[in-house]
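Welcome! Have a look at the sequence and the model below, then try each exercise before you read its solution.

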Amino acid sequence: MAQGAGRTITRVVAVAALAAAVTVFLSVAAVRHGFFDLQVYYGALTYWARDGGEIYDFLRPGTQYGFTYPPFAALVMLPMAYLPWNAAIVVSVTATVVTSAVVIWWLLDPVARRCGWSRWFTLAVALCLAAAYEPMRETVNFGQVNMLLLFLVAVDLLWLLPARSRWAGVGIGLATAIKLTPGIFIVYLLVTGRWRAALTAVGTTAVATLVAAALFPDASREFWTEALWNTDRVGELAFVSNQSLRGVVARFDPQHPSTVVWLLLVVVTLVIWGWRSRAAVAAGDEATGLALTGAVMCLVSPVTWVHHLVWLLPGLILLVDNGMAAPARSRRRRLLLAAALVGYALLCSRIVWSWEKDFTGVGGFLGSNTYVWISLALLLGLPVRRWAAPTGAGRSGGDGPAGSAVETGGVAQLTEQQRGLPAGQRHRIGGLLAVR
């Protein structure tokens, strides 16, 4: 017991030290945006609900920025108009922290159980590291809704779909009704042949949109006929924060960005994504499907600001998952963990902002699009975990190393603990079981 207590104290001290280090890092590296986007939401909702104006007519004073989400998002956010400003900040930050913790826990807890790590310590370390992640800190500092949308999609892909729930698709549908870009997960369901879930998602989006239209007909008409198509409300495509393929093309030739080249890149990217997503679902690896689709959404969206790249978090976590599943001291483990570390470090570094004013030349082209290259690397190189069981289907790898197997070359292999078990007690994973 004394040894266990000592280990716990050591871990608490380690987490406290890491949290302090992250706090120092944030005090130096984090840019304070003063909850800029939240101010836009708050101002637009107040103007609409309490001042008698139309929500899409509102622009934040001194800017061209207004409310850009569908009317259903306005309905969901409407209570904000009746809160004091500081209370709205608290709600925004709390919602982001809670949903982030839940999604990270869902993805990382199976790794901790398989490796025999302390689960609370693993989550605490991961949350500290997530706080330093630039897209996450930008999401918090802007007051954005990215993690709430990721949470809704993750409910579907990590729990409802693997469990074959009749409600699968509702989370994706709600996320799409709040913001249109998660609609690519409806395409994901179609591409991978989950027709009922896709119909549920489409139906949920339609119902939510129609409810908003019935309640707010003028706002709905203005959004779908005018505000949706007004790109001036979004921002400049060539701005370095736009880490999408459209941003790459725009920075290559800011005066005359080629729409044809962008569309060709989008088509090629979607073909690769469809092929890889089908392979992931065929292997029962819904988490990798989530990560691949999050990466492709960032790539093909016309505008992907840095804070939108929280959708790359699942891919980085799954690199760690795959690395830890590889044999100890193997080249595969070193490569995967190094890839996760490099990707994470770059996405903490604000490196693209070094070319904010001048992204010309080969160095500017490569450096200003660093986060795009990471998205592409995840899309192309994230392994499909053929040994993985879906999170919500009751087929997880057990409570620790003794209840898990590791895959190399498509064959699930026994751990040291499983070798000593009678054949009838060994866990069968992925259809093939071999002894190393």
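Predicted model: local features only at pLDDT ≥ 70, side-chain atom pairs only at ≥ 80, totals over all residues.

## Exercise 1: A covered helix

**Task.** How many of the nine residues of helix α6 are buried, and which are they?

**Solution.** 
- Step 1: Helix α6 spans residues 134-142, and eight of its nine residues are buried, so the helix is mostly covered.
- Step 2: The buried ones are Glu 134, Pro 135, Met 136, Arg 137, Glu 138, Thr 139, Asn 141 and Phe 142.
- Step 3: Now step past the end of the helix. Just after α6 comes Gly 143, with a positive phi of about 80 degrees.

## Exercise 2: Salt bridges

**Task.** How many salt bridges does a search of the whole structure find? Work through the pairs of Asp 109, Glu 134 and Asp 218, and then look for a network.

**Solution.** 
- Step 1: The search of the whole structure gives eight salt bridges. As background, side chains of opposite charge can pair when their charged atoms come close.
- Step 2: Asp 109 pairs with Arg 119, and their closest N and O atoms are 2.7 Å apart. The two residues are 10 apart in the chain, with Asp 109 in helix α4 (residues 85-115) and Arg 119 in helix α5 (residues 119-132). Asp 109 is buried, because its relative accessibility is 8%, whereas Arg 119 is partly exposed at 39%.
- Step 3: Glu 134 pairs with Arg 350, with 3.7 Å between the closest N and O atoms. This pair links distant parts of the chain, 216 residues apart: Glu 134 is in helix α6, and Arg 350 is in the loop between α16 (331-346) and α17 (361-368). Arg 350 is partly exposed, with a relative accessible area of 22%.
- Step 4: Asp 218 and Arg 221 meet in a salt bridge at 2.6 Å, N to O. They are three residues apart in helix α11 (residues 217-225), so about one helical turn separates them. Asp 218 is partly exposed, at 39% relative accessible area.
- Step 5: The network of salt bridges links Arg 114, Asp 285, Asp 321 and Arg 385.

## Exercise 3: Positive phi values

**Task.** Where does each residue lie, and is Phe 35 buried or exposed?

**Solution.** 
- Step 1: Phe 35 lies in the loop between α1 (2-29) and α2 (36-49). Its relative accessible area is 18%, so Phe 35 is buried.
- Step 2: Arg 350 is in the loop between α16 and α17.

## Exercise 4: A helix pair and a surface patch

**Task.** Describe how helices α14 and α15 cross, and then find the residues that form a nonpolar patch with Val 207.

**Solution.** 
- Step 1: The axes of α14 (residues 286-300) and α15 (residues 313-325) come within 7 Å and cross at roughly 135 degrees.
- Step 2: That angle makes α14 and α15 oblique to each other, and their crossing is left-handed.
- Step 3: Val 207, Val 211 and Leu 215 form the nonpolar surface patch, and together they have about 260 Å² of accessible area.
- Step 4: Val 207 is placed in helix α10, residues 195-215. Its relative accessibility is 53%, so Val 207 counts as exposed.

Terms used:
Residues numbered from 1 in each chain as written. Heavy atoms only, no water. Patch = residues over 30% accessible without salt bridge, like charges linked within 9 Å, V, L, I, M, F, W, Y side chains within 5 Å. Areas by Shrake-Rupley, 256 points an atom, 1.4 Å probe, with all protein chains shown as cover. Salt bridge = Lys/Arg side-chain N within 4 Å of Asp/Glu carboxyl O. Helix = DSSP H or I, 4+ residues; strand = E, 2+ residues; numbered from the N terminus. Buried < 20%, exposed > 50% of the residue type's maximum accessible area, 1.4 Å probe, protein only. Axes fitted to C-alpha atoms, helices over the stretch in contact; angles between N-to-C directions. Parallel < 35°, antiparallel > 145°, perpendicular 65-115°, else oblique. Left-handed = near helix turned anticlockwise from the far one by under 90°.
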